[in-house]
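Please keep the sequence and the structure in view while reading.

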Amino acid sequence: MITTTIKQDSVDFLTELSKNNSRDWFNEHKDWYTEAHNNIIAFADALLSAMNKHDKIETSSGKSSLFRIYKDVRFSKDKTPYNIHYSGFYKRATKQLRGGYYFHIKPGNTFLAGGFWGPEPDDMKRIRQDIDLNYKSWKKLLAEKTLVKTFGAMTGEQISSAPRGYAKDHPAIGLLRYKQFLLRHELTDQEVCSPDLLNKANDIFKKMRPFFNHMSEVLTTDANGEYVS
């Protein structure tokens, strides 16, 4: 039965897979995986449909949003063949709408996230220039009550010192050191299988929009507010 609720049985598959991460076990339980996978596709489709009512998403379907459960172990010390989580990513459409939405479902470690995982050098330059000139606006944005209540502090990898061209005592050095700009909201195991998860996930992603809107403006306009290619 197709449902927009994540079934407990789909989560239980991950729990058992984490204990038996081998090709033999996976192949013996392929029907269980297929049912769970279809359940996650249905949820991802429903979430995509809900989000497209208030945003423009480039990702064409729930199925295409999902990452494979099969791991690429060529360059990994961990040679277990399967990921023990479900995850998916929705990319915003057009050059003017930047940012992306990510969901990660794993017993004991489920979260919704969004932001900018790996800005290109030109984008990174624009972001740091804006922080340099408008750091008070950045601090105000990141201290906004709803954003802090929903996501806490912005997260992401940071460089160890000041970026080239910026003083170590810059008043916004804490922001200038970021090289990823991410928002993250944790979910409990009980919330994952709740009938309300779809609405909750849609609402949490929607609450990222002020941050996305600011970043989109920074990355797509010049000093005069004109769009740049």
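How do the residues of the lining of the largest cavity divide into nonpolar, polar and charged? Nine are nonpolar, two are polar and none is charged. The model is a predicted one, and the points below are grouped by topic.

**Largest cavity**
- The structure contains one cavity of 30 Å³ or more, and the volume of the largest cavity is about 50 Å³.
- Its lining includes Phe43, Phe103, Ile105, Phe111, Leu187 and Val192.
- His104 and Thr110 also belong to this lining.
- At least two lining residues come from each of β2 (100-105), β3 and α9 (197-206).

**Largest pocket**
- The largest pocket holds about 590 Å³ of space.
- Of the 25 residues that line the pocket, Lys91, Arg98, Glu120, Asp123 and Leu219 lie nearest its centre.
- The pocket lining divides into eight nonpolar, eight polar and nine charged residues.
- β1 (86-91), β3 (110-116), α5 (121-142) and α10 (209-220) each contribute at least two residues to the pocket lining.
- The element that gives the most is α5, with three residues.

- In soluble globular proteins, nonpolar side chains tend to be buried together.
- The largest nonpolar core here has 58 residues, and Phe13, Tyr90, Trp138, Phe181 and Phe211 touch the most other members.
- Helix α3 (residues 30-51) supplies the largest share of this core, ten residues.

**Strands β1, β2 and β3**
- β1 and β2 run antiparallel and are joined by six bridges; Phe89 has Tyr102 in β2 as its bridge partner.
- β2 and β3 also run antiparallel, with five bridges between them, and Phe111 in β3 is the bridge partner of His104.
- Six of the six residues of β2 are buried, so this strand is largely enclosed by the rest of the structure.
- In a regular strand, side chains alternate between the two faces of the sheet.
- In β2, Gly100, Tyr102 and His104 point one way, while Tyr101, Phe103 and Ile105 point the other way; all are buried.

**Positive phi values**
- Most residues other than glycine have a negative phi.
- Thr94, in the loop between β1 and β2, has a positive phi near 70 degrees.
- The relative accessible area of Thr94 is 42%, so this residue counts as partly exposed.
- Gly108 also takes a positive phi, near 85 degrees, in the hairpin of β2 and β3, which has four residues between the strands.

Methods: Residues numbered from 1 in each chain as written. Predicted model: local features only at pLDDT ≥ 70, side-chain atom pairs only at ≥ 80, totals over all residues. Heavy atoms only, no water. 1 Å grid on protein atoms, 1.4 Å probe; cavity = no way out; pocket = protein on both sides within 12 Å on 5 of 7 lines; lining within 4 Å. Points joined across faces, edges and corners; volume = space filled by probe spheres on them. Nonpolar A, V, L, I, M, F, W, Y, C, P; charged D, E, K, R; others polar. Core = buried A, V, L, I, M, F, W, Y, C linked by side-chain atoms within 4.5 Å. Buried < 20%, exposed > 50% of the residue type's maximum accessible area, 1.4 Å probe, protein only. Pairing = 2+ DSSP bridges.
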